[in-house]
Amino acid sequence: MARTQAARKQVFFFGNGKADGRGDQKELLGGKGAGLAEMTNIGLPVPAGFTISTDVCAAYNKSGGKWPGGLEKQVRTMLVKLERACKKKLGDKKNPLLVSVRSGAAKSMPGMMETILNLGLNDQSVEGLAKASNNRRFAFDAYRRLIMMYGSTAKGVDRLLFEDAFDELKNNKTRARLEKSADEQVEDTDVDADELAELVATFKEIYTEQCGEKFPQSPFEQLKGAINAVFGSWNSEKAQTYRRVESITGLQGTAVNICQMVFGNMGDDCGTGVCFTRDPSTGEACFYGDLLINAQGEDVVAGVRTPIPLVELKRTMPEAYGQLEAVRVILELHYKDMQDLEFTVERNKLYMLQCRTGKRSPQAAFKIAVDQATKGLTTPAAATALVKKKYLPKKYLALASKAIITKDEAILRMQEADIERLFYPVLDDNVSAGELAQRRLGSGIGAVPGAACGEVALSAERAEQRAGEGKTVILVRKETSPEDVGGMHVAAGILTSTGGKTSHAAVVARGWGKCCIVGSSDLVVDYAMSQISFNGRVIREGDSITLDGGTGDIYDGVIDLARPQAPAEYDTLMKWCDQRRDLKVRTNADTPADAAKAVGFGAEGIGLCRTEHMFFDPAEPQRIRAMREMILANTLEHRKSALAKLLPYQRRDFEGIFEAMDGLPVTIRLLDPPLHEFLPQPDNEVALRAAVDDLNDALREETKGVQAVQCVKFTIQDICDRIEKLHESNPMLGHRGCRLCITYPEILDMQVRAIMQAAVACKRRGIKVLPEIMIPLSIDATELAILVDQTRDVAETVLKEEKVKVGYLVGTMIETPRAALVADQMAEVAEFFSFGTNDLTQMTMGLSRDDAGRFLPDYVDEAKAGIFDQDPFQSLDVHGVGLLVQLACETGREAKPGLKLGICGEHGGDPASIRFCYEADLDYVSCSPYRVPIARLAAAQATIEFGVRSTRKSSSKPRKAKAKTTTKAKPTSKAKAKTKTKAKATTKTKAKKKGSAKKSPATRKKKRGR
């Protein structure tokens, strides 16, 4: 029988060396509560207290702010237990117990939720505290802090009202008493006891005036109000925003920690501080932190006083510092990671208030991981000294100077963000939060991290023009298309008002490592007025803005940037990853420069070379001109003539890529987008006129000496007519991919010839080439067979002409649900599959990857729909799209054992998706160059997590001579009907022999046994 809420344990005690909870109960006790329990259990000096669990917070918020049954009884019981442990009583007139009330979620949310200190003071107990401590100033300092914190946190009083009153007292009373001049600063510690007593009276007046009631004198009423304030802060706007930005999901609330107050503000033998067991910026194994003498913890966080280096504690309070050094060793050895610690020293006695895994810079993350796997935290001599002073138990002596984690543990610790932040410029840390807030214009979806600043350019042409003048530009568009590639290439950053993380802008920018923000609902682009605006703030073209792709924030003007440097430990850890993984990592690259960059990042080949991007090089406008000439041609002869102009450019590009990838496989995708994307937009008269003039100028140059009547001139109407003929309601599902080559086989002829000629030229120069020709968007084995045969006929013709042997593969891109469902039949024809999961996701889920960003956040947001854990275009939908991938892998390999399998969609750089690819037994993943290191890390982590896969050698080896194919298709449109018949017959015959064709999805699923 299920227990009721009242019967469940809701409050967990810690103190006197024992705790109800454990360090592994973060989900229940929150990070702070679990840390306090664990430190208590391992014998560290922790003030006694109790933790109210996170599920109580969930029940509180769900019920509209009511305590669940039994909570008050458990809190009162634990309070009595705490009073006995401390030998003090809350609100006592002679020697009162004071407590802190602090939040603590399972995942760190620094500064996002509330804390109240010195709780339990009232008009009577403050006098008792003054007598017990023999320090009246300390007692009233604690009381004024409580009124201010309780008033602002629990009752919503503007904190500035209290701060202004304090400043007024310091300037009018304290300054005069100390005879300080107007330019001399009056510190909080300069205020004496009488002045603080006066301030307390003023604070109580402010509280009464703002709240309509007197400051509560009942300690338990204060406690209830403070607990409610912490519970309520879970759903504050800043806390919700932080969780959204940090992708923190699945948590039900915050715990509340009620802890005995220990005081760092009782005099010069007291203090408080925050420290790290290693330097969080560099990763060096040095004790690092800040300290304030005669202060409480809020003073360190609030910055009201300038802290001093932690090493000063060694000079002023050597015994407390020695204890803290020992705690440093114990906690890092216990948790096997760098720790972030909060402590207080009360009259030379050390108390630990918090421990948690410390946040660190990306440089520090790599150094700490490698150091912890190869060396100790401290030297044997330093550890021995701590043992001799009896600060450090002997059992830690040998461990303190040895490695504490394995190489595998070091690999598993690293995160995607640790690598990402190493290679992108970021906002300079010296820029204050206040300045950023003032200059913030709006936000969008951070598609590519890093930062960029420059002049706003509202068109690709404008971007290219300004970049050519030496200016740094940010390309701002409603959305981008392939014809914007030139402007995107020269821009430092890209901003769009629509789109998601796999929109055209995001995909291209990611490949180039350019900062990119998409889907900014705050952004209004007005091309006619040459301006953009954010919630009414107008930015004109030519004005400067700054993008922070990490957060998605957009700022006015130029903000200083910094570029992090990768430490030597990065190379060390990545070598460990490469030694551990058995999933290959390739890159998506379209140019020799991108290919070379990817090799530098550790790519083991190219998994996707998108040939259409080669036609938009702004340095060689003749490329797009020839492409447009081909599209506008009305005869086969004219199309072939235009394609012949493109062939040398394609060949040169492929040569450069083969050279950059010397000895590594290169998968080249034949033309994929619909033809209209290579023409100007029909409503862009300037671009239409420029295109026509360019075509006619080139035509006149080519036909010099030919009679004018023989020259064919182009008009704007010609382009508009062609655009109209090419128009499709849904071009993503229309005449594109392999369908273009079925209609226009001459396109395939040109591209395959260029690929093979480039391969021959490289081989003659001693460069090893491994071309893999990929046919996109195929949906049927017959369709694929026609194009595979045509590809081989062209390839073999080139090799025969050149009298050179080059091995090559011909395969297809699995990016439609039907292709996945009939993968066994497709495998009869293809030598490899590459999963194009961008299109496979949008076709399977019925979502447009360019438009769904407008509403997908609602599907991911737990507070709204919570339908998806992640954006399915960012992280693979393993439950839906993933099943199709698994099905295609298994049935494909049943038909052709050893079939080479890879993935080239954007998911190839997502760690969660890579883990799925590892389990699905893919041979490789492919991603943009800047994500190659992330994929190497994720592949190694998958191997460690799931174990080494069974060895399997691919049977899809590069073809060295002409081999038999399923058909003898001719690469001519006249032979298509005959070829189709033969292909169909051959496919059916092979399917019948192998018994693999036409299996129902249910049969396949059953056979998979998953």
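Reply: Let us begin with burial: a residue is buried if its relative accessible area is under 20%, exposed if over 50%, and partly exposed in between, using a 1.4 Å probe and protein chains only. A758 counts as buried because its relative accessibility is 0%. This is a predicted model, in which local features need pLDDT of at least 70 and side-chain atom pairs count only at pLDDT 80 or more, while totals for chains, interfaces and linings use all residues. Residues are numbered from 1 along each chain as its sequence is written, and side-chain values use heavy atoms, with hydrogens and water left out.

Me: Where is A758 found?

Reply: A758 is in helix α28. Helices (H or I, at least four residues) and strands (E, at least two) are DSSP runs, numbered from the N terminus.

Me: Which residues does A758 touch, not counting those up to four places away in sequence?

Reply: A758 touches R651, F654, E655 and F658. Contact here means heavy atoms within 4.5 Å.

Me: And what separates the C-alpha atoms of A758 and Q240?

Reply: They are separated by 55 Å, and the two residues are 518 residues apart along the chain.

Me: E655 was among those contacts. Which side chain meets that of E655 in a salt bridge?

Reply: The side chain of R765 does, with an N to O distance of 3.6 Å. The pair links distant parts of the chain, 110 residues apart: R765 is in the loop between α28 (745-764) and β30 (770-775), and E655 is in helix α24 (residues 636-660). A salt bridge is a side-chain nitrogen of Lys or Arg within 4 Å of a carboxyl oxygen of Asp or Glu. R765 counts as partly exposed because its relative accessibility is 45%.

Me: Why can such side chains pair?

Reply: Side chains of opposite charge can pair when their charged atoms come close.

Me: How many salt bridges are there in the whole structure?

Reply: A search finds 64 salt bridges. One of them joins R537 and D556, whose closest N and O atoms are 3.6 Å apart. R537 lies in strand β23 (residues 537-540) and D556 in strand β25 (residues 553-556), so this pair, 19 residues apart, links distant parts of the chain.

Me: What about R689 and D693, where do they lie?

Reply: Both lie in helix α25 (residues 685-702), four residues apart, about one turn of the helix.

Me: Which residues are linked in a network of salt bridges?

Reply: The network links D578, R581, K584, E604 and R936.

Me: Changing topic to strands: is β31 mostly covered or uncovered?

Reply: Strand β31 (residues 809-814) is mostly covered, with six of its six residues buried. The chain reaches β31 from β30 through helix α29 (residues 781-802), and this β-α-β crossover is right-handed. Right-handed means that, with the strands pointing away from the viewer, the path from the first strand over the helix to the second runs clockwise.

Me: How many bridges join β30 to β31?

Reply: Four bridges join them, and the two strands run parallel. Two strands pair if DSSP finds at least two bridges between them. In β31, V810 is the bridge partner of I773. β31 also pairs with strand β32 (residues 832-835) in the parallel sense, over three bridges, and there S834 is the bridge partner of M813.

Me: Next, the rings. How many aromatic pairs are counted?

Reply: The count comes to 16 aromatic pairs. Rings of Phe, Tyr and Trp (its six-membered ring) pair if their centres lie within 6.5 Å; planes under 30 degrees apart count as stacked, over 60 as edge-to-face and the rest as tilted. Y150 and F215 form an edge-to-face pair, 5.8 Å centre to centre with 85° between the planes. Y150 and F215 are both buried.

Me: Which residues do ring pairs link into a cluster with Y150 and F215?

Reply: Y143 and Y207 are linked with them in that cluster.
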